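Take a moment to turn the model on your screen before reading on.

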Amino acid sequence: MIRALRAVIARDLRLSLRHGSDTMMVLVFFVLTVILFPFGVGSAPETLSKIAPGILWVTALLASMLALERLFATDHEDGSLEWLALSPLPLELAVLGKCFAHWLTTGLPLVVAAPVLGLLLNLDPGGTAVMIAAMAIGTPALTLIGAIGAALTLGARRGGVLLSLLVLPLYIPVLIFGVSAVDAAIFGLGAEPRLLILGGLSLFALALAPFAAAAALRQAIE
Amino acid sequence: MAEFAADALACIRAERVVFKGLAFTLGDGGALRLTGPNGSGKSSLLRVLAGFLRPAAGRLTWDGADVTKERDAHAARLAYVGHLDAAKPVLTVAESVRFWATLYGAQKPVSAAAAALEAFDLARLADFPVRLLSSGQRRRLALTRLLAAPARLWLLDEPTTGLDTASVAQLESVIAEHRKSGGMVVLATHIDVDLPGADTLELDDFAPESALPVAEPDGLDEVAQ
């Protein structure tokens, strides 16, 4: 079973590396959108510094949504999903494996890019470490919650729009605690409790998402 | 001695009865050929047999045990090859087969994959990316999954689509080998596939008398009131 799970993760990583498009799309969107903000709100360092955590988190949220639609869609279209569902590996674990590979290729790049873009937005240096930590803890929740939405909207026309409507409201708690953790670090309050709540959100999503997404996938291949 | 049987099986798709009262029995080494015009429910029946769809009525049993109640055990003994080839264009042929072999629990995925590729004459294409394959070659790639990880019951939906005569003969011999070792095959087809001693199920015989919807959408009465 472990071997089968590893095979699913390895396959998705390989597919993603050979396509390369998802990681690039997410990163390019993240970078370009963040760069747009100084043009929109003015380049005064104090203004940017004040809103930097919010900009980074909102943009990361939107960027991670971009690649979600394809999480199960290609497997659904080419019939791989049916074969996955029939395999001895429980579909819940297959979902978990796919989410892990998806996070490595679309979530992790955001974590890496965030501090660099923080410099661009004059993010207070005291917040950078917490920014990285909060992103690392929070982005798995984004992938996992998104997986439920991606599975539910499989086969729907204009699934992308539906997906955002479903998923964005559920992202709000992650956004709130992600931003407040960075702000707390900048203002010298303890960031730790907020990071813990963020971790709790991720663990909650980890416990729930595989079951919810697998149930939705079984519906989709009926 | 295993027995796979259906009794009074019915299937409803989009509020239309596709077939009803369908019955068959399949023993070790048995084969069942599904025939019938387009839309007569061959694919739907195979999806019911694979456990993707729940039968609207009737029983589907393996050795007397209801398979809809033990879906995991049923999934473990069947291999399903539908219309889609489940092939990823950027993976190589060998990588694709190895992946499915590993996923389906083959003990030695690499050698199992190599043997399966050999049987369907794809060995020399092993290192080619799937996107360079012709549709017939892709079809053969999908069929290698049958050999890469063994299963008792093969459910094949138009497996010969796009295959040349030599490949059809290959498939026939693979199926014959499988049945000789006690395996079962259910195969939907339009063309003549040689299945010695196979039972034939003509899906048209189980079509409802009228093609009109039997069930009104739920809640229509309440809305009318």
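B:Ala14 sits in the loop between β1 and β2 of chain B. Bear in mind as you look that this is a predicted model. Is B:Ala14 buried or exposed? A residue counts as exposed if 12 or fewer other C-beta atoms lie within 10 Å of its own; B:Ala14 has 6 within that distance, so it is exposed. For a sense of distance, find B:Val90, which is 76 residues away along the chain. The C-alpha atoms of B:Ala14 and B:Val90 are 35 Å apart.

β1(B), residues 3–13, and β2(B), residues 16–27, run antiparallel to each other and are paired over 8 bridges. Across this pairing, B:Ala5 faces B:Thr25 of β2(B). β1(B) has another partner too: strand β4 of chain B, residues 57–62, joins β1(B) in the antiparallel sense over 5 bridges. Here B:Ala10 has B:Ala57 of β4(B) as its bridge partner.

**A helix tucked inside**

Next, look for helix α3 of chain B, which covers residues 93–103. Why is this helix described as largely enclosed by the rest of the structure? The reason is that 9 of its 11 residues are buried. Among them are B:Val93, B:Phe99, B:Trp100 and B:Leu103, along with B:Arg98. What do the buried residues of α3(B) pack against? Their neighbours come from both chains: α1 and α5 of chain A, together with α4 (109–119) and α5 (135–148) of chain B. Just past the end of α3(B), B:Gly105 has a positive phi of about 80°.

**Where the chains meet**

Two of those helices turn up again at the contact between the chains. In total, 20 residues of chain A are in contact with 21 residues of chain B. On the chain A side, α1 (2–19) and α5 (80–86) each supply at least two of the residues that touch chain B. α1(A) gives the most, with 9 residues. By type, the residues on this side of chain A divide into 9 nonpolar, 4 polar and 7 charged.

Setting aside neighbours within four places in sequence, A:Ala147 is in contact with A:Leu71, A:Val95, A:Cys99, A:Ala209 and A:Ala213.

Finally, zoom out. How many helices and strands does chain A have? Chain A has 9 helices and 0 strands, while the secondary structure of chain B comes to 7 helices and 9 strands. The table sets out some overall values for each chain.

| Chain | Span of the C-alpha trace along its principal axes | Buried residues |
|---|---|---|
| Chain A | about 55 × 35 × 30 Å | 48% of 222 residues |
| Chain B | about 65 × 40 × 35 Å | 43% of 225 residues |

Contacts tell you how each chain folds back on itself. Among contacts in chain A between residues at least 6 apart in sequence, 81% join residues at least 24 apart. In chain B, residues 24 or more positions apart account for 71% of the contacts with a separation of 6 or more.

Notes
Residues numbered from 1 in each chain as written. Chains lettered and ligands numbered in written order. Predicted model: local features only at pLDDT ≥ 70, side-chain atom pairs only at ≥ 80, totals over all residues. Contact = placed C-beta atoms within 7 Å. Helix = DSSP H or I, 4+ residues; strand = E, 2+ residues; numbered from the N terminus. Nonpolar A, V, L, I, M, F, W, Y, C, P; charged D, E, K, R; others polar. Pairing = 2+ DSSP bridges. Buried ≥ 20, exposed ≤ 12 C-beta atoms within 10 Å, placed from the backbone.
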